[in-house]
Amino acid sequence: MTLVVVLKFFHFLGLFLAGGLGVANSLLMKEHQLAQEAPSAATQKTMRKLARIGLVAMVLLWLTGFGLAYRVYGGMSLGLAFHVKLLGATALLGVVVFMNVYPSAMAKKGQAPNPKLMKIMPMVARSALVLVLVGIAVTTTA
């Protein structure tokens, strides 16, 4: 029982961090887009830190999620809704990894990130989040 409580604590911590940091970064990016100005160097540095912490939070969610699934339910075979949740979580992790790697790689090349790609990623992340939330809501409803 203690292990489940510890796993849940860190799972909820990961949810809190990933959600809050994702919203914060999105708001910062959107405000700068609306103002049609590039973020200052300090703001860019902060946004990169938020993205890195968000990635760590996502990894924490995955690790604790696996632990909870096996400890509480005995495995990952929890039905279609849970697999939809995993599909959404995988897509969301992919977007977070991409958003941590791609802009930095482009900056090192001295190029701006593709604006179309940067506009699509938040939409993909939101869609993936909907899959996660609906999937887990259905899975955990008796």
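In the predicted model, F10 is partly exposed, with a relative accessibility of 36% (partly exposed lies between buried, under 20% relative accessible area, and exposed, over 50%, with a 1.4 Å probe and protein chains only). F10 is placed in helix α1, residues 2-35 (helices are DSSP runs of H or I of at least four residues, and strands runs of E of at least two, numbered from the N terminus). Together with V6, F9, L13 and F16, F10 makes a nonpolar surface patch of about 490 Å².

Helix α2, residues 41-73, contains 33 residues and spans 47 Å from its first C-alpha to its last, close to the 48 Å expected at 1.5 Å a residue (the expectation being 1.5 Å times one less than the number of residues). The buried residues of α2 include M47, L50, G54, M58, L61, W62 and L68, and the buried residues of this helix pack against α1 and α3, residues 80-109 (contact denotes heavy atoms within 4.5 Å). After α2 comes G74, which has a positive phi near 80°.

Over the whole chain, four helices and zero strands are found, and buried residues account for 28% of the 142 residues. Of the contacts between residues at least 6 apart in sequence, 71% join residues at least 24 apart.

Residues are numbered from 1 along each chain as its sequence is written, and side-chain values use heavy atoms, with hydrogens and water left out. Because the model is predicted, local features need pLDDT of at least 70 and side-chain atom pairs count only at pLDDT 80 or more, whereas totals for chains, interfaces and linings use all residues.

Note on methods. Patch = residues over 30% accessible without salt bridge, like charges linked within 9 Å, V, L, I, M, F, W, Y side chains within 5 Å. Areas by Shrake-Rupley, 256 points an atom, 1.4 Å probe, with all protein chains shown as cover. Salt bridge = Lys/Arg side-chain N within 4 Å of Asp/Glu carboxyl O.
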